[in-house]
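Trainee: Could we go through this model together? I'd like to know what the labels rest on.

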Protein chains: 4
Amino acid sequence: MRTGVWLVGARGSVATTSIVGALALRSGLTAPIGCVTELPQVRGPALPSFSDLVFGGHDPVLTPLAKRAEALAAAGVVPGRLVAALADDLAVVEDDIRPAPTGGTPAERVARVVADLADFRRRHDLDRVVVVNVSATEPVVTPHPAHADPAALAAALDGPDEVLPPSSLYAYAAFTADCPYVDFTPSTGARLPALAALAAQRGLPYAGHDGKTGETLVKSVLAPMFAMRNLQVRSWSGINLLGGGDGATLADPAANAAKVESKQRVLGETLGYHPQGDTRIDYVEELGDFKTAWDLVTFAGFLGIGMRLEFTWHGCDSALAAPLVLDLARITAAAHAAGASGPLADLAFFFKDPLDAATHSLGEQWTRLCGFVAGLHAAAGGTDAQAG
Amino acid sequence: MRTGVWLVGARGSVATTSIVGALALRSGLTAPIGCVTELPQVRGPALPSFSDLVFGGHDPVLTPLAKRAEALAAAGVVPGRLVAALADDLAVVEDDIRPAPTGGTPAERVARVVADLADFRRRHDLDRVVVVNVSATEPVVTPHPAHADPAALAAALDGPDEVLPPSSLYAYAAFTADCPYVDFTPSTGARLPALAALAAQRGLPYAGHDGKTGETLVKSVLAPMFAMRNLQVRSWSGINLLGGGDGATLADPAANAAKVESKQRVLGETLGYHPQGDTRIDYVEELGDFKTAWDLVTFAGFLGIGMRLEFTWHGCDSALAAPLVLDLARITAAAHAAGASGPLADLAFFFKDPLDAATHSLGEQWTRLCGFVAGLHAAAGGTDAQAG
Amino acid sequence: MRTGVWLVGARGSVATTSIVGALALRSGLTAPIGCVTELPQVRGPALPSFSDLVFGGHDPVLTPLAKRAEALAAAGVVPGRLVAALADDLAVVEDDIRPAPTGGTPAERVARVVADLADFRRRHDLDRVVVVNVSATEPVVTPHPAHADPAALAAALDGPDEVLPPSSLYAYAAFTADCPYVDFTPSTGARLPALAALAAQRGLPYAGHDGKTGETLVKSVLAPMFAMRNLQVRSWSGINLLGGGDGATLADPAANAAKVESKQRVLGETLGYHPQGDTRIDYVEELGDFKTAWDLVTFAGFLGIGMRLEFTWHGCDSALAAPLVLDLARITAAAHAAGASGPLADLAFFFKDPLDAATHSLGEQWTRLCGFVAGLHAAAGGTDAQAG
Amino acid sequence: MRTGVWLVGARGSVATTSIVGALALRSGLTAPIGCVTELPQVRGPALPSFSDLVFGGHDPVLTPLAKRAEALAAAGVVPGRLVAALADDLAVVEDDIRPAPTGGTPAERVARVVADLADFRRRHDLDRVVVVNVSATEPVVTPHPAHADPAALAAALDGPDEVLPPSSLYAYAAFTADCPYVDFTPSTGARLPALAALAAQRGLPYAGHDGKTGETLVKSVLAPMFAMRNLQVRSWSGINLLGGGDGATLADPAANAAKVESKQRVLGETLGYHPQGDTRIDYVEELGDFKTAWDLVTFAGFLGIGMRLEFTWHGCDSALAAPLVLDLARITAAAHAAGASGPLADLAFFFKDPLDAATHSLGEQWTRLCGFVAGLHAAAGGTDAQAG
């Protein structure tokens, strides 16, 4: 099952780490640490193997992928020995990264993306292409009447106005090119009625939003812990310090707002009430691709006695995100192959702000994920063998 | 369903807090924060209400319960206003606390405990009595041939030797008196073949071991998080600083060893491998009944990149334990009423070192607990109404 | 040496804690923990004793002092037993707290404050009165031409405009009434050329700004540590979570800005360069009078190797501030008695943003403080005896 | 002023980092971060420059220095580019590292060390050689009557018994060879009456003990902070998690005891009382050369209100120690040149457990250090120019 993975933001840290990692896994140079799809509970015949994956993508910047990989090695995000060993493989991927279309009407840009996707599929003889958005976080979208239905949207895209933010334009193009779409960012992506309708019309699955890689991952197990023990969370405050590209983007208050809202949701929905406290995101350039998050939780126990929990998370966002990008591409490809359509609510495990999710508890999300993938494997004709 | 709760260590901090809390709940003076059995997913008609509970117990010390409650109020463990308001109710409970039997052969002491239990049941016209061990942690037990079967044990108890540690002697007495037994401590309790056989002969349920109230509670959600994400835990080190009675007990290396081993188990069994690092317990008198635990987890993500998580837990052990003691008494009573016998593996949710547990993941334990209690409610003839 | 301590914001948490504490110390009900003036290196005959201190003040709110003290006891800021034992003494102080003047021109309000101060001095037969501002933090002041010299300022105060913020109006009134002035807040206070000139004309000492009670106290020893070891601080980020009255005030972005700037100064001035990172202040009501600050410092050692230090400070601001308010009143009174005039740069030890300070290093500030006070004691005729 | 630096444990992490760093500084390949002797308050003409330093030493292991440097680069302790650039310089130093003498009587081993030192001085035409012990921590020494005076010691060394631990044998050899001696470890070194007398006879200065590089460094500024503010430290507990060679050594309880005692001393001597709590050292191999220390301080403020401070230190011990080794060699050489003799109490700034130290406060130690070095510069004929 030859599967294309088309990365929007293909030269960014997450994309580069994903590509380096997939190439290293394919060559047996590394173990699949961090890859959920390689756990015994998840792996199986329905998923394309790492060797089945072919990478391409769009990016507005032109720095060669090998240079980006070297920069990540210097920053301690990927091992330098892998970048050196994979130089030839990276050069092959380089040929499939296209400049992000600019200029013209939105419709014209959509057409170019669609053409790039078709060309990619044809040249590599791919069974399908999964489009994954890993580009920088956008500000919250401005509402527009054309967001309501596909016909109005198609008409509006023909005009000169920027009706859609880039993430949604790519989702539109993906659906138009019959590709499933995954949004790993908090941006709007496919979350507009017109795009949902378009995906339904074309029978395409999509997934999102906002990869759950750090502080929110921890929250999604700690908040259920308090809930299951009937402990009353009085306040939950946090600060995220991060450098790197995403940090600079999030220093923009508008993008920050989108991200913070996504981070807070897990608490209210898990606990059933909103504790006091906020989550902050601050840009500290010198931290580079590593992020430090600190959270303080104050809570009441029996008879109202006050207690506290603090945690500090020191993680590398790209290294946490990249294996999930591969997991999402593999599972979404398998879901597409099995005929799934619409939002993949069973993939909530991967996201801070999951589409149509019934729960924010990581444990419950895990149970749903395992069940969903088991269904794909059963449909694919077996659960024992591993395709990868 | 009038239910006796017989506390071994009835004047200790956990027991006193449990009694004050239950009395306050019965009188509507406090909300059931920390009570798992009051959550919508757990409560129901099978459980005795707080008003159905009658307290008694054994303790070697003689300080009046009201004095112990005042000391806990001064230490910030229970609100002083509750202790003042419940003075009369505490005096009533006082009458049901007996001095722990001393002297004579073990069999003679068993006989006195059995007599005290029978007397307690009769005087209060109780449907059943659940014996709950909340006394100080014992050293690891010395093996003895008589531990292997009930007949040999009965014979050995008639001799002068201390064949059983106190926790096991109380379990033996409980079973002899047809009472279910719960061990909230890491001590041996019912964990001997002879006692398991005795419980089976008499058709009695029992539960344990070692209430999961702090650091291990957090571990039991964080360790599954790493496992579900296929992140490789390289080291997990922790230190527990605690004062209070339990702290002084654990300053004894032998008791410490039992507790530490219980704390470590969750990691190996959840992750499938043993990360480096130890858990320490240090006694710091001035911390009183509050405990501070600090843990450092180092782990590898994608491509082996190293990351870290630290947490500090500042909790009041008695306030965390007491509602669970009530939960366990209520559920074990309901299980007994429903005819359950043997180790209650479905109560693993409450314990660091659960009997016959299939999993140490809090989320999976929760699912099992909810299923088990739902079965009790169904058997009790309804799920809508709440007995409490 | 009978000394009046006139508190601007006399019913606030800091003032109330200061008064309760001074009364308790006078009565021998508590030990002088936190009182720098009771250390062997500082105490001596020049300082008024706790028994010499008489309290009064202004406040816009009217809640009785005893009620405020009870609220602080309920919040764990002062021991309830002290509030109960000192009821009569608090009632005496109550009689010396005046409503903050409102309405009329600034000059009219100044006249009323001056009259209140004169009346307080006369009624209690005081040698002097030290005015201490412990009211809520103000926004940064709007510049005004009349701030430049005393004559222009006097003229402007006669008009209807609010030429001065309240803290400066009180400083003006204090100087007019021949009283030394201490500003424990980050507000403008005496920091205007016209007020400095007025103090000089009248030969009055003054001190400030912004009591160093928590995160900045720790910074003022850690930053010199990095400097003395030639370690290069790359980033220093912090967040302060606080409830209580001051927290709510600081939730106002303008007041927050004043405070944050004051907190950052220590780094730049101690290190000689500005590390990356900001200090945040967030209001979390449920934390009450306790504040939690978390700081992350990243630094380079030999050959540029990166390292990290994190700290969490969990302190009670009022309990940290109150003994310093007493220290400042005692030392400023002694300085006034010894004829000191102008800004007391030697009191930098007490402040986040000290007047004319040569250093932000706590150790160097300590050396200067000890030298300054030793001079006062020598002038007062002895160093052996302790006045308190 | 050509100065030899003879490292006992010359192939260990600290020594290797010191050598790589000094070579890099000499070549202008790095900035002197972490070098106290390069601060404006300390540098000056009395100190030998980095170019004046010539390295040699003893080590029982034979791994080439370049290999050790590569291993440190792989572990992130030194930059790989420096190791590559300095290959030739490292080869030169390699020729001056001798196998640690073994076998024979202690006197025979002393003679070989003395011969090696004399040979090193002669071949490189050195003005003096400073011997610095950076070998693994030894257990606490067993008392022996010959420790009391030089003559008895000389006689005993001629016998077969191991009268002295290695660190003291090297101190004896250093003094015999007319070399100043610095002990950077907690081992016994020159701390025996016989060795002190020997140094006095020969007019040699010596310094120690136990480089202050991490948790204790932080303690030595935080403990004075509590003292200066008259805050009452109730408990101070800490845990040090470390891998690397030193970690493995300290896993031995005897060595651990020596180190822990050294770490605790700062508290009692600074505060004037002993707070509750202990310091733990645990070996966690996977942490490598990086160490994580966590400390919890509980303290009382005004009116006895309880508060807390926690800190986590994540440092690279070798990178923290190496520049101090260079500082100590430079200053001790200058002290020797200026005729200083006996224990250099003014170098307490560098040590956890300083010889004859009047204070454990880093700030006061700094003042003494600056004064001492200023005296050396004055004697050397100037303070403006920098020799380095």
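Predicted model: local features only at pLDDT ≥ 70, side-chain atom pairs only at ≥ 80, totals over all residues.

Trainee: How do you know that the same surface serves both copies?

Mentor: From the contact residues of chain B: 100% of them recur in chain A. Contact means heavy atoms within 4.5 Å, and by that test 60 residues of chain B meet 60 residues of chain A.

Trainee: How much area is buried between chain B and chain A?

Mentor: About 4700 Å², with carbon and sulfur atoms giving 72%. Buried area is the accessible area (1.4 Å probe) that two parts lose on being put together, summed over both.

Trainee: What polar links are counted between chain B and chain A?

Mentor: There are 14 residue pairs in polar contact, both residues at pLDDT 80 or more. A polar contact is a pair of N or O atoms within 3.5 Å; within protein, one must be able to donate a hydrogen and the other to accept it, and residues adjacent in sequence count only if both atoms are side-chain atoms. Salt bridges (a side-chain nitrogen of Lys or Arg within 4 Å of a carboxyl oxygen of Asp or Glu) number zero between chain B and chain A. On the side of chain B that touches chain A, the largest share, 11 residues, comes from E10(B).

Trainee: Which domains does chain A have?

Mentor: The assignment gives domain 1 (3-210 + 319-380) and domain 2 (215-316); such bounds come from an automatic or database domain assignment. The centres of domain 1 and domain 2 of chain A, taken over C-alpha atoms, are 26 Å apart. Between these domains about 1700 Å² is buried, 61% of it from carbon and sulfur atoms. In domain 1 of chain A, A:Thr137, A:Lys352 and A:His360 lose the most area to domain 2, together 35% of what that side buries.

Trainee: Why is A:Ser318 called buried?

Mentor: Buried means under 20% relative accessible area, exposed over 50%, partly exposed in between (1.4 Å probe, protein chains only). A:Ser318 has 5%, so the residue counts as buried. A:Ser318 lies in helix H12 (residues 317-337) of chain A, and among the residues touching A:Ser318 are A:Thr17 and A:Asp289.

Trainee: What makes B:Ser235 buried?

Mentor: Its relative accessibility is 1%, so B:Ser235 is buried by that cut-off too. B:Ser235 sits in strand E7 (residues 232-242) of chain B; helices (H or I, at least four residues) and strands (E, at least two) are DSSP runs, numbered from the N terminus.

Trainee: What joins the side chains of B:Ser235 and B:Thr298?

Mentor: A polar contact of 2.6 Å. B:Ser235 also touches residues of chain D, including D:Val284 and D:Glu286.

Notes: Residues numbered from 1 in each chain as written. Chains lettered and ligands numbered in written order. Heavy atoms only, no water. Lists of a residue's contacts leave out its neighbours within four places in sequence.
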